[in-house]
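Please look at the sequence and the structure shown below before reading on. The report then goes through the model part by part.

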Amino acid sequence: MMNTTMDMMKDAMSTTQMKGMDMAMMQECIEALSACEQACVMCADADAGEGMARCAGMCANCADLCGTMMRMMLRPNGWDMAVMMSTMESTMAMCRACSAECMMHAEMSEHCRMCAMACDQAAMALEKMLGSMRGMMPAM
């Protein structure tokens, strides 16, 4: 499925401002965002049942941002570089905040540990992607 998605992205990107984007990096980022979104949804659900409202809320917000960021990345014809980059930065910040919150519960909660790991992976993939995009920007 993901290879089909990336083939479609290559076709779409060939006619957009993102010609030359590293598709392997894009795929890595999309996969990390998807994994983070899923881990956060599951963690938020478990947290709610355990009475951990702050952690549940952080995970729910992180899942929403990751899902939105992933869908934005899958629509290259609608990209606005400034918006993409600021949304990536916001998503990265949310992933880091969610990871920090989940790590506070990681020793007693496997779902929080797994969620924190997924958040860290998504933040790293976003940081890498953002760096690549900045490198494509014309010098001011």
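This is a predicted model: local features need pLDDT of at least 70, side-chain atom pairs count only at pLDDT 80 or more; totals for chains, interfaces and linings use all residues.

## Overall layout

The protein chain contains five helices and zero strands. Followed along the sequence, the pattern is α-α-α-α-α. Of the 140 residues in the protein chain, 47% are buried.

Contacts can also be sorted by how far apart the partners lie in the sequence. Among contacts with a separation of 6 or more, 75% are between residues 24 or more positions apart.

## Helix H2 and its two partners

Helix H2 covers residues 23-49, and helix H3 covers residues 53-73. The axes of H2 and H3 are 8 Å apart, and the two helices pack at an angle of about 155°. An angle over 145 degrees counts as roughly antiparallel, so H2 is roughly antiparallel to H3. Their crossing is left-handed. Sorted by class, the contact of H2 with H3 has 20 nonpolar, two polar and three charged residues.

H2 also packs against helix H5, which spans residues 110-136. Here the axes come within 8 Å and cross at roughly 150°. H2 and H5 are therefore roughly antiparallel to each other. H2 passes H5 in a left-handed crossing. The residues in the contact of H2 with H5 comprise 19 nonpolar, three polar and three charged ones.

## Helices H3 and H4

The axes of H3 and H4 cross at roughly 150° and come within 9 Å. H3 is thus roughly antiparallel to H4. The crossing of H3 and H4 is left-handed.

Which residues make this contact? On the H3 side they include Arg-54, Cys-55, Met-58, Cys-59, Cys-62 and Leu-65. On the H4 side they include Val-83, Met-84, Thr-87, Met-94, Cys-98 and Glu-101. By class, the contact of H3 with H4 divides into 17 nonpolar, four polar and two charged residues.

## Residues in helix H2

Is Cys-40 buried or exposed? Cys-40 lies in helix H2. Residues under 20% relative accessible area count as buried, so Cys-40, at 0% relative accessibility, is buried. Leaving out residues up to four places away in sequence, Cys-40 touches Cys-59, Cys-62, Ala-63, Cys-98, Cys-115 and Cys-119. Among these partners, Cys-59 and Cys-62 also belong to the contact between H3 and H4 on the H3 side, and Cys-98 belongs to it on the H4 side. The C-alpha atoms of Cys-40 and Ser-99 are separated by 9.8 Å, although the two residues are 59 residues apart along the chain.

Gln-38 is found in helix H2 as well. Gln-38 has a relative accessible area of 47% and is partly exposed. Its C-alpha atom is separated by 9.9 Å from that of Cys-59, which is 21 residues apart from Gln-38 along the chain.

## Residues in the loops

Glu-50 sits in the loop between H2 and H3. With a relative accessible area of 47%, Glu-50 is partly exposed. What does Glu-50 touch, not counting residues up to four places away in sequence? Its partners are Ser-109 and His-111.

His-105 sits in the loop between helix H4, residues 81-103, and H5. His-105 has a relative accessible area of 14% and is buried. Not counting residues up to four places away in sequence, His-105 touches Met-52, Cys-55 and Cys-112. Of these, Cys-55 is also one of the H3 residues in the contact with H4.

## A glycine in helix H5

Gly-131 has its place in helix H5. Gly-131 is partly exposed, with a relative accessible area of 41%. Gly-131 and Met-85 are 46 residues apart along the chain, and their C-alpha atoms are separated by 9.7 Å.

How values were computed:
Residues are numbered from 1 along each chain as its sequence is written. Side-chain values use heavy atoms; hydrogens and water are left out. Helices (H or I, at least four residues) and strands (E, at least two) are DSSP runs, numbered from the N terminus. Buried means under 20% relative accessible area, exposed over 50%, partly exposed in between (1.4 Å probe, protein chains only). Contact means heavy atoms within 4.5 Å. Axes are lines fitted to C-alpha atoms, for helices over the stretch in contact, and angles run from 0 to 180 degrees between N-to-C directions. Angles under 35 degrees count as roughly parallel, over 145 as roughly antiparallel, 65 to 115 as roughly perpendicular and the rest as oblique. A crossing is left-handed if the near helix is turned anticlockwise from the far one by less than a right angle, and right-handed if clockwise. Ala, Val, Leu, Ile, Met, Phe, Trp, Tyr, Cys and Pro count as nonpolar, Asp, Glu, Lys and Arg as charged, and the others, Gly among them, as polar.
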